[in-house]
Amino acid sequence: MAGHEHPTHARKNGGNVFVKTVHTVSSIAGYCSALMILAAVFLTCQMIFVRFVLNWSTVWQTEIVVFLVVAATLIGLPFVQQKRGHVNVDLIPLALSGRARFVLAILTLSLSCAIAAVMFFYGYEYWHLAYARGWTTDTVTAVPLWIPYLALPVGFGLFLLQLLADLVAVITKIETPFGLEVS
């Protein structure tokens, strides 16, 4: 059915500016993540061609591919959360009544926010340490490590924002807890 989204993929913002803005930022992060994966695929193909067809050395490609894939994973976190793409088990929420399901959703989103905030804090601290001390990779390319490490605070910061938007959406009844119909 062209033009129709699956209900779990259609996200509402209920006119809430914060929720709408965060959903837009999460979508942009998802597209950036996809571009990084695409770049990693093209770079891998180039590396294979250079290595096995031209018989040249590949010095920097593997390192950059690893950095791109890790960055894509971290920066893609908010997009996957927005689309409800993370693995979840809804056995307990399905067994609960509407009010208990609401409380569980608030609890799990709050705990998720706390974990993401801790990861953001320490990711920022680690990035800043690499930046301030001028750390580089121990390879010929000597990539400044603050560049790939930047994906830690950016990814977890955007993930935290998306979790907060989800929390606001559940509290304000823009969305139902766990995306399940009210029982």
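## About the model

This is a predicted model, in which local features need pLDDT of at least 70 and side-chain atom pairs count only at pLDDT 80 or more, while totals for chains, interfaces and linings use all residues. Residues are numbered from 1 along each chain as its sequence is written, and side-chain values use heavy atoms, with hydrogens and water left out.

Helix α2 covers residues 61–75, and its 15 residues should span 21 Å at 1.5 Å a residue, which agrees with the 21 Å between its end C-alpha atoms. The expected span used here is 1.5 Å times one less than the number of residues in the helix. The buried residues of α2 are Gln61, Glu63, Val65, Leu68, Ala71, Ala72, Leu74 and Ile75; buried means under 20% relative accessible area, exposed means over 50%, and partly exposed lies in between, with a 1.4 Å probe and protein chains only. These buried residues pack against α1 (17–53), α3 (77–82) and α7 (151–171), where contact means heavy atoms within 4.5 Å.

After α7 comes Lys173, whose phi is positive, near 65 degrees.

## The nonpolar cores

A nonpolar core is a set of buried Ala, Val, Leu, Ile, Met, Phe, Trp, Tyr and Cys residues joined through side-chain atoms within 4.5 Å. The largest one has 24 residues, of which Met36, Phe159 and Leu163 touch the most other members. The elements that give two or more residues to this core are α1, α2, α5 (98–133) and α7, and the largest share, eight residues, comes from α7. Apart from this core lies another, of five residues, among them Val19, Val22, Ala165 and Ile174.

Leu163 can also be followed through its own contacts: not counting residues up to four places away in sequence, Leu163 touches Gln81, Leu109, Ser112, Cys113 and Ala116.

Side chains of opposite charge can pair when their charged atoms come close. A salt bridge is counted here when a side-chain nitrogen of Lys or Arg is within 4 Å of a carboxyl oxygen of Asp or Glu, and by this rule the count comes to two. In one of them, the side chains of Arg84 and Asp166 meet at 3.2 Å, N to O. Arg84 lies in the loop between α3 and α4 (91–95) and Asp166 in helix α7, so the pair ties together parts that are 82 residues apart in sequence. Asp166 counts as buried because its relative accessibility is 0%, whereas Arg84, at 29%, counts as partly exposed.

Arg84 also meets Glu175 in a salt bridge, at 2.9 Å from N to O. This pair links distant parts of the chain, with Arg84 in the loop between α3 and α4 and Glu175 in the segment after α7, 91 residues apart. Glu175 counts as buried, at 9% relative accessibility. Through shared partners, the salt bridges join Arg84, Asp166 and Glu175 into one network.

## Positive phi values

Most residues other than glycine have a negative phi, and most peptide bonds are trans. Arg84, although not a glycine, has a positive phi of about 60 degrees. Phe178, also a residue other than glycine, has a positive phi near 60 degrees, and this residue is partly exposed, with a relative accessible area of 32%.

## A buried glycine and a surface patch

Gly123 is found in helix α5 and is buried, with a relative accessible area of 4%. Leaving aside neighbours within four places in sequence, Gly123 is in contact with Leu152 and Pro153.

On the surface, Phe49, Val53, Leu54 and Trp56 form a nonpolar patch with about 420 Å² of accessible area together. Val53 is found in helix α1 and counts as exposed, at 55% relative accessibility. Patches are made of residues with over 30% relative accessible area and no salt bridge, with like charges joined within 9 Å and nonpolar side chains (Val, Leu, Ile, Met, Phe, Trp, Tyr) within 5 Å; accessible areas come from the Shrake-Rupley method with a 1.4 Å probe, and for residues only the protein chains shown count as cover.

Technical notes
Helix = DSSP H or I, 4+ residues; strand = E, 2+ residues; numbered from the N terminus.
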